Amino acid sequence: MQHIWKQWTKYRVPYLFIAPTLLLLIVFSIIPILIALVISFTDIDLAGLADYSNISAVGFDNFVQLFKDPVFLKSIYNTAFYVVVGVPLVIILSMSAALLLNYGTGRLFKTFRVIYYMPSITNIVAVAVVWGYLYNSQYGLFNHMLSWFDIPAQKWLQDPVLAKLSLILMALWKSMGVNMIIFLAALQGIPRTYYEAAEIDGANKRQRLFYITVPLLGFATFFVTITTLIGWIQFFEEPLVMTKGGPLNETMSMALFIYNNGFQLSNFGYAAAGSFVLFLFIIAATIIQFIVRKKDVEY
Amino acid sequence: MKRKSLLLALTVLLMFSVALVGCSGGSKETADGEKVLKVWAMGGEGQKLPELVKQYEQQNPGVKIDVQAIPWGNAHDKLMTAVASKSGPDVIQMGTSWIPEFANANALLDLTSYMEKHPNLKEENFFDGAVQTMKHDGKVVGIPWYVETRVLYYRTDLLAEAGYPEGPKTWDDLKDASKKLTARGEGKYGITIDGRDQITTALFGWQNGSDLINDQREPLFNQPEYVESIEYLKSFWDEGLVPQGLDLDLTAAFKDGTIPMFISGPWMIGTVKEKAPEIDGKWATVVMPTKKTNTSSIGGSNLSVFSHTKMADEAVKFISYMSEKETQLKWYEMANTLPSVKEAWNDEKLKEPLVASFGKQLEHSRPAPFIKEWETIAQAIIASFEQITVGDADVKTELDALNEKAKGILSK
Amino acid sequence: MTARRLEKVFMTTLLVAGGLIMMIPFIWMIGSSFKPANEFTAVPPTIFPDQPTLDNYKRLFLEMDFLVYFQNTMTIVFWSFIGLLLNAMAGYAFAKFEFPGRNKMFYLVLATMMIPGQVTMIPVYLIINAMGLTNTMTGIVLPGLVGAFGIFLFRQFMTTIPMDLLEAARLDGAGEIKIFFRLILPIAKPVFAVQGILTFIGAWNSFLWPLIMANDDSLYTLSVGLSLLKGEHGTDFGLQMAGAAFMVVPIIIIFSFFQKHIIEGYTISGMK
């Protein structure tokens with residue numbers, strides 16, 4: 001008791017600082033996920049939700065079923081595709097955009113900052129409507145633009161391979177802004193004096209970019225990489241609003257698979273099991289990130 | 001220093017109080033002792049309904065109808081949470097395809113005992129197809145509010161050129177007309193068939209005498225009747241009579257003649273009129289072409305009483321009002337949805353030819369299989385049909401697989 | 001000097017070209033929101049309508065209970081800013097204090113970021129219901145008040161604040177709360193601007209949770225109101241476009257205002 005009191009008086013400041021946040025996260029994230037974990041070993045559906053006596057435990061059945069489900073396996077492959085193609089593109093493009101925007105301070109640069117950011121702030125429902133039209137093979141702007149260069153019309157959302165890329169393009173457009181602004185804030189934090197010193201030492205522009213700017217963007221890059229990675233593993237909204245997973249499940253992501261089973265078909269147990277598989281993938285990816293960047297997280 | 005930590009503690013305390021304060025739930029009575037009946041209705045219906053119920057409120061002083069509009073896309077989520085928390089509305093609009101699932105979860109009150117007192121709710125008032133959606137497990141769980149069915153829309157001018165001025169009457173006619181219309185030239189089609197609509201394949205199965213799922217809960221997807229209907233549909237893809245990928249805007253394609261026929265519900269009447277006024281008088285609706293029958297689907301919405309209501313009597317009384325012929329006709333004018341009450345169809349307003357075909361079709365209509373697994377099976381059907389038409393899978397092999405899958409779903 | 005000039009021209013061109021590409025969907029959206037119904041399917045597509053009409057906007061305001069939805073949305077925005085402050089406090093503690101269990105707790109926070117949102121919705125709803133908070137504004141804002149993303153971002157940025165600065169303030173006898181509000185917050189201004197914008201956008205577009213929580217139209221947000229305009233069969237594109245355009249404009253204004261703070265938030269350089 002004495003010990004605890006001593007600990008408390010010593011550390012109460014940080015504890016009080018994190019207490020409200022931690023409490024909310026425990027109540028609204030950790031406890032629900034534990035509930036979901038329990039659910040994943042049951043056959044709960046809507047009838048079970050209405051009356052708990054309708055629920056029965058099924059052990060690992062849901063998990064076994066999952067890995068026999070060709071749609072789920074396909075969704076794993078698709079998700080991997082989204083991550084491998086999408087994540088590097090987001091990071092490279094948003095960093096380049098930030099560097100470009102940080103280049104000047106004139107009115108033009110300020111205006112374009114808003115423009116680059118606009119997609120991120122647009123409501124997904126609106127995005128779906130607008131892009132649905134852009135991609136329409138008949139009335140869409142993209143095919144119209146291709147026709148200027150005599151390129152034949154594409155089936156942006158109907159062709160199995162192209163559909164995945166179309167969704168990635170749309171997601172890139174939408175998610176660049178947020179990351180760009182994080183890079184931009186980090187760039188603002190690099191003291192001018194570093195560059196001045198380097199210039200005096202005779203470093204050229206490229207050297208300054210690769211030996212000062214990029215390394216000093218370390219923590220921003222780390223942050224963006226982790227959040228982007230997690231975001232793309234949970235890739236969901238774009239296929240939901242654009243293709244519903246079609247054609248032939250070629251754009252089905254894991255998160256969409258979970259949503260379909262949980263909310264369209266009310267197989268909560270199955271969906272919960274699916275989301276734990278997804279959860280494990282995310283944890284694995286994050287741990288790898290942390291290991292890789294361990295050395296310069298805290299500097 | 002002490003004061004500072006006190007401040008911090010206060011902040012934490014504030015958080016708790018924020019979490020705990022707040023009046024919970026809506027009270028069932030307003031300040032002047034009026035009863036408030038809570039009604040959930042979807043999308044546009046929910047937004048128009050308050051206008052309709054004004055009259056009811058005048059006739060029934062002391063009762064207030066509180067309508068909450070819920071977006072269609074999220075209605076299922078919202079209903080699920082209501083079931084989970086056992087708190088929700090008193091009266092609820094139920095898409096007919098959801099009824100088995102929610103009835104199975106005991107979320108809908110059995111209305112059998114109220115039928116005597118409210119003759120408006122009796123089965124003989126409604127279309128046969130709609131009556132099949134009222135009952136689940138021998139209980140009456142929903143009263144048809146409005147209905148919809150699918151008919152054939154066609155361009156009278158173009159079909160006349162193809163030799164079918166009154167529209168195709170049989171499957172053979174439909175095929176022949178589609179071929180002739182496709183032969184008009186590059187980029188022209190005969191018809192569009194929406195394979196992603198779960199009811200499409202069912203329609204053709206029924207018309208060929210298949211039952212989809214029989215009374216013993218056995219799927220019939222690899223039986224000759226069903227297989228034949230899918231082969232018939234597949235031929236439209238094989239011969240290029242339907243556009244690949246559904247990227248054409250239906251109304252626009254209908255207007256410029258690219259797609260001179262399509263199968264759809266009553267909502268398209270308004271859409272075509274509004275977006276393609278140029279072709280007024282050049283299009284019509286007609287009942288589905290016949291093979292063994294010309295069965296179409298029946299859907300729409302029922303009104304149900306949520307099982308956790310405290311005002312069941314009031315709720316049933318309200319539903320009874322909604323089933324009156326006059327209310328139904330008024331609602332038809334306001335919301336453009338088709339009356340479920342047969343008698344309403346004798347009214348002049350529903351004699352207009354475009355609408356009258358729907359009345360005729362409703363006589364030959366049946367609901368989608370009324371089991372809670374249907375939604376899951378329907379998704380499997382859509383996937384298989386896509387494999388067959390787009391993925392070029394072998395019909396019999398794919399349907400055998402589908403049948404096995406459906407068996408698995410039904411045996412759970 | 002010419003090389004520098006050339007570089008500037010090159011960078012500017014790149015910037016403008018990229019920006020124009022980013023703009024395409026917006027131009028399309030704004031243009032379409034003024035289109036009459038029958039122009040949506042014109043071939044070839046028109047970018048700007050041939051016969052512009054204000055109809056879509058008129059209907060938008062007529063069919064939406066606009067003021068109520070706006071008020072609710074702003075309430076959510078307000079509370080999410082309180083949440084922002086809580087995030088900042090937590091991020092600060094994780095970054096600048098040593099205490100037992102720090103890493104474990106931080107990983108716990110990170111873990112919450114990895115939880116797919118779909119799976120926790122029903123449990124969270126049941127918890128809120130058990131607290132008796134369904135159909136209240138509290139129930140709407142509470143679950144999303146704090147978030148791992150925000151805490152993580154604050155922590156990442158605050159680790160760069162030198163300890164000397166804090167020690168000096170403590171030696172001067174400043175209390176911990178004063179240090180946080182007077183010293184840390186001003187330094188963290190750029191992060192706050194970033195977070196503020198992200199928070200605002202999240203709250204402004206909040207949709208599914210308010211809908212699930214509300215048992216009354218009077219708690220609906222703008223997004224929910226917009227989605228009511230969508231029919232069971234087919235969509236009224238003109239109305240959707242107008243709604244979309246309408247929801248984006250306020251954010252652009254807010255952003256234009258905030259971004260000044262990001263670029264001029266040079267306070268950070270005071271700690272090199």
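This is a predicted model: local features need pLDDT of at least 70, side-chain atom pairs count only at pLDDT 80 or more; totals for chains, interfaces and linings use all residues.
User: How many residues of chain C are in contact with chain A?

Analyst: Happy to start there. Contact here is heavy atoms within 4.5 Å. On the chain A side, 94 residues take part. The number for chain C is 96 residues.

User: What area is buried between chain C and chain A?

Analyst: The size of an interface is often given as the accessible area lost when the parts come together. For chain C and chain A, carbon and sulfur atoms give 80% of that area. Leu15(C), Met22(C) and Met114(C) supply 8% of what chain C buries against chain A, more than any other three residues. The area buried between the two chains is about 9100 Å².

User: Which element gives the most to the side of chain C that touches chain A?

Analyst: Several helices of chain C give two or more residues to this side, including H3 (66-96), H5 (117-130) and H13 (237-264). By class, the side has 72 nonpolar, 16 polar and eight charged residues. The top contributor, with 18 residues, is H1(C).

User: How many residue pairs are in polar contact across the interface of chain C and chain A?

Analyst: Salt bridges can be set aside, as the count between these chains is zero. For polar contacts, both residues of a pair must have pLDDT 80 or more. With that condition, the number of pairs is seven.

User: And what area do chain B and chain C bury between them?

Analyst: Here 41 residues of chain B are in contact with 41 residues of chain C. Carbon and sulfur atoms account for 62% of the buried area. The total is about 3300 Å².

User: How many residues are charged on the side of chain B that touches chain C?

Analyst: Elements supplying at least two residues to this side include helix H1 (2-20), strand S1 (35-42) and helix H11 (267-275) of chain B. Across this interface the rule finds zero salt bridges, along with ten residue pairs in polar contact, both at pLDDT 80 or more. The side holds 19 nonpolar and twelve polar residues, and its charged residues number ten.

User: Which element gives the largest share of the lining of the second largest pocket?

Analyst: This pocket has about 1400 Å³ of space, and among the lining residues closest to its centre are Leu99(A), Tyr103(A) and Met11(C). The lining has 25 nonpolar, seven polar and ten charged residues. Chain A gives two or more residues from each of H4 (70-103), H8 (160-188), H9 (192-200) and H10 (205-216). The largest share, eleven residues, comes from H1(C).

Terms used
Residues are numbered from 1 along each chain as its sequence is written. Chains are lettered from A and ligands numbered from 1 in the order in which they are written. Side-chain values use heavy atoms; hydrogens and water are left out. Buried area is the accessible area (1.4 Å probe) that two parts lose on being put together, summed over both. A salt bridge is a side-chain nitrogen of Lys or Arg within 4 Å of a carboxyl oxygen of Asp or Glu. A polar contact is a pair of N or O atoms within 3.5 Å; within protein, one must be able to donate a hydrogen and the other to accept it, and residues adjacent in sequence count only if both atoms are side-chain atoms. Helices (H or I, at least four residues) and strands (E, at least two) are DSSP runs, numbered from the N terminus. Ala, Val, Leu, Ile, Met, Phe, Trp, Tyr, Cys and Pro count as nonpolar, Asp, Glu, Lys and Arg as charged, and the others, Gly among them, as polar. On a 1 Å grid over the protein atoms alone, a cavity is a set of points where a 1.4 Å probe fits but cannot get out, and a pocket is an open set with protein on both sides within 12 Å along at least five of seven lines; lining residues have an atom within 4 Å of a point. Grid points are joined across faces, edges and corners, and a volume is the space filled by probe spheres set on the points.
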